[in-house]
Amino acid sequence: MLYTERMSHVMIVAPKHYQEKVIDRLYELGACHIEDHQKSDQLDIGKPLEKGEKLAEILVKIRAIISYLGIETAVSNGKAKELTEKDYYELGKKSKELYLDVVKQLDAIKQSDQQIQELAEKAKLLDIVTRLHLKVETLKETRALAHAVGTVDSIERLRGRLDTVTKRYELSSAKDDKRNLVAIFFEQGKKDAVMQALHEAGFAEINLAGLELFPQGAEKLQRKIAGLRQERHAAEQRLQRIRQEHESFLLRNERMLAEESKKAEAPLRFAATGRSFMVKGWIPKRQLGHAIGELNRITGGKIHIEAEEPKPKESVPIKLKHPALMQPFEFLTRLYELPNYKEIDPTVLMFFTFPLFFGIMLGDVGYGLVTLLLFLGLKRKIPEGKALLNILIFASIVSIGFGFAFGEYFGFEHVAPETGEKLCSNAGICLHEEEIEHHGETITVATFPRLLSRAESRMDVFGYDVLSILVIGAVIGFIHLNLGLLLGFWNALHHHGFMHAFLEKISWMILEAGVILIAVSAQGVFPISIWAGTIVLLAGVIGIYFGDGIPGLVEMPAIFSNMLSYMRLGAVGLASVGLATVVNENLAMPMMERGGIFIILGALIFLFGHAINIGLGVLGPFLHAVRLHYVEFFTKFYQGGGIEYTPFGREHNDA
Amino acid sequence: MAADVGLIAIGAGLAIGLSAIATAIAEKAIGTAAIGAMAEKEQLFGKGLILTVIPETIVIFGLVVAILIIGLAG
């Protein structure tokens, strides 16, 4: 749990005629993370299995059909059966037929669409002709008569222009939706002058060429369009039928072929000689015995398997290993970086501290309940976000707990005495009555029970009056950071030995001790000389210099600013309390007290204000809790940089 | 006394306001770069978000200081 899954480095060498069997078995086992062999002069990479090419060809066809038909590729489980040479032939034939059929239908649809569009254009033109009371036959150019059909903004202006050029013309006009349609007939001899005049009057010509094919008019055109629509519909129906009939066939075989072609390409990752092949990879120690047994069994012992411990410099693939309850928190570790093989996996630590931090910051029973319900609902809606939502659900539950501790319910820390009495007689929740100062007046309120008030409770720190929640934050920071340093010490101890680990990590703790001693003696809490603290502090500084060098010295103040950074545990919460109080006491409540319509208005303000505050109350605490871990905590011990363990085998989409 | 309280309030306001401006300037630069990185590689969203909120410390310190200053007013 504290470390990632322990791995063994394995090397498998076997004669080539076992290659396919070994690949199949490795695939079924799904435990071996194969290390790709790098081609070298001595040892070439393997060649794909013979069937690979054929498989890929069929796979491409099937995937094309799936995408054309818009089928969703769902994950179907179950093992594909072994296929013979003949099965592949049949499969290839069938998928080719289907492919051709689908392409034909798609072509038909495309062509019909194109033709329908063309005809629709024509229909529009015919409509114009009809509106202008023209006939298609009359629209032929003759030697004497020319014509122009088009649109114009102002007919008067057009007439005015035309009159200046010729008197012998005939103009008919009609209204379209918005445009003025006009048709002008004039002498062929005046064509240039007329066209010039038309142009100046803002005339836009409509090209009616091609209409002579439809002298019978609109009816025939519509019949033709209807015919095309039917063809298109038939093709669509056919596609639908193909989809219904063959969907499961396509999906099943897509999956099977994808698996098979992955297997067929596996030798590209192996090293190969003329007669043998070699696979290098990583198998979890727990599965090693079983894997070796299986491989020996299928090859009749004619295989050489060597397993050894990872060497210090090797980059071992990382498989996180946690009980189901903690697994969601792997999300946070991955978001940063996977741990490397030799260090402690921080997931288990975040399982405890992340919800704690979130809870302290949100800390309100009402808000906690709302977010809890919200995330439970979202989990159903968005299964992909399960890990994150589970983290937030944990965090919401902890927030409710802290809400009780802080005595906060939707930002209310207390209610009016009358409401308190009602609660007592109706719900049996009897609150303690208390006198508080409010805007300079002393009022009596029924206050919720609490261990600590975030907004009010104060404590004395070396003579300063400080909000308790801030001090609690800093103390948590002190503990958390020192835990981080101890973990760093533990990691370094196994890596570099005691001396190195001590100088690099424990020196910082000595530095802290020095500062604390100086503070304590300066305040006169303990009667010790200030020099004792100074000496300890100097020892710490020297240790840091030998452990981390000059950068360590430069970074020295950082450990204290990191600690103070944990005050955000209180501060973010205070901001949220502040906003909630403003919504309740300054906006919603005064509204409601005015009665009538204002009650509804007040309720709306209440809802809206708290909705915003809950939004901020999830985003803020989440980011700050994550950040405290990544920036302050991880830098004390965590290196990361592990590569993900991706075993050769069936892909699991259940994550 | 009233003048003192006024000065304390102004001090608290400056503490939070100036640190908020500083945070905003810092986050602006980081945010821009993070969005740029995300355009190249969408998986960087998580890291970008985290990097963007790092300067938030400044305003948190501002808030803490403001609260401490208000504490002076009693």
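Over all chains, the count comes to 23 salt bridges, a salt bridge being a side-chain nitrogen of Lys or Arg within 4 Å of a carboxyl oxygen of Asp or Glu. This is a predicted model, in which local features need pLDDT of at least 70 and side-chain atom pairs count only at pLDDT 80 or more, while totals for chains, interfaces and linings use all residues. Residues are numbered from 1 along each chain as its sequence is written, chains are lettered from A and ligands numbered from 1 in the order in which they are written, and side-chain values use heavy atoms, with hydrogens and water left out.

Select Asp101(A) and Arg238(A). They form a salt bridge whose closest N and O atoms are 2.3 Å apart. Asp101(A) belongs to helix H3 (residues 85-131) of chain A and Arg238(A) to helix H6 (residues 218-265) of chain A, so the pair ties together parts that are 137 residues apart in sequence. Helices here are DSSP runs (H or I, at least four residues), numbered from the N terminus.

Next, select residues 568-593 and 597-633 of chain A. These are helices H17 and H18 of chain A, whose axes come within 9 Å and cross at roughly 175 degrees. The axes are lines fitted to C-alpha atoms over the stretch in contact, with angles running from 0 to 180 degrees between N-to-C directions. H17(A) and H18(A) are therefore roughly antiparallel to each other (angles over 145 degrees). The residues of their contact divide into 18 nonpolar, 7 polar and 2 charged. Nonpolar covers Ala, Val, Leu, Ile, Met, Phe, Trp, Tyr, Cys and Pro, charged covers Asp, Glu, Lys and Arg, and the others, Gly among them, are polar.

Now show chain B against chain A. Here 15 residues of chain B are in contact with 21 residues of chain A (heavy atoms within 4.5 Å). The area buried between the two chains is about 1,500 Å², 80% of it from carbon and sulfur atoms; buried area is the accessible area (1.4 Å probe) lost on being put together, summed over both parts. Ile50(B), Ile60(B) and Ile67(B) supply 30% of the area that chain B buries against chain A, more than any other three residues. Across this interface the rule finds 0 salt bridges.

How values were computed
Helices (H or I, at least four residues) and strands (E, at least two) are DSSP runs, numbered from the N terminus. Angles under 35 degrees count as roughly parallel, over 145 as roughly antiparallel, 65 to 115 as roughly perpendicular and the rest as oblique.
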